[in-house]
Amino acid sequence: MYRFKSRADGDLIMMAPVGDQLLRTIGREPAAKGIIEVAALPQAIAALEEAIAAAELARVDARKADDDDDEAGGANAIGLQQRAWPLLEMMRRSLAERADIVWGV
């Protein structure tokens, strides 16, 4: 489990598999402790936004490919956009207030 902290926002608790996925998406190896420094936040935000756009495009394509099968498109599945949103918002607030994001400390 991850507890992301920033002086710009409230703590964000995230289950390990989702936290691991999001850290890998921004180019970080999952670890018990870590930091995303202010200088790295623009790249991290861009990486998450790009991954979200790609995931949404793939989801739309999957739905179009199999309109007859309700489960194939995962219409009710939680996508990357929903999973990443809280961390993405924390990153934006932290960037605006020039605050690092840490976890495991």
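Colleague: Is R3 buried or exposed, or in between?
Modeller: In this predicted model, local features need pLDDT of at least 70 and side-chain atom pairs count only at pLDDT 80 or more, while totals for chains, interfaces and linings use all residues. Residues are numbered from 1 along each chain as its sequence is written, and side-chain values use heavy atoms, with hydrogens and water left out. Buried means under 20% relative accessible area and exposed over 50%, with partly exposed in between (1.4 Å probe, protein chains only). R3 has 41% relative accessibility, so R3 is partly exposed.

Colleague: Which side chain meets R3 in a salt bridge?
Modeller: A salt bridge is a side-chain nitrogen of Lys or Arg within 4 Å of a carboxyl oxygen of Asp or Glu. Here the N to O distance is 3.6 Å, and the partner of R3 is D11.

Colleague: How many residues apart in sequence are the parts that D9 and R93 tie together?
Modeller: The side chains of D9 and R93 form a salt bridge at 2.9 Å, N to O. Helices (H or I, at least four residues) and strands (E, at least two) are DSSP runs, numbered from the N terminus. D9 lies in strand β2 (residues 9-14) and R93 in helix α3 (residues 80-96), so the parts they tie together are apart in sequence by 84 residues.

Colleague: Which residues does the network with R92 join?
Modeller: R92 pairs with E49, their closest N and O atoms being 2.5 Å apart. R92 lies in helix α3 and E49 in helix α2 (residues 41-65), so this pair links parts 43 residues apart in sequence. Salt bridges with shared partners make one network of E49, E89 and R92.
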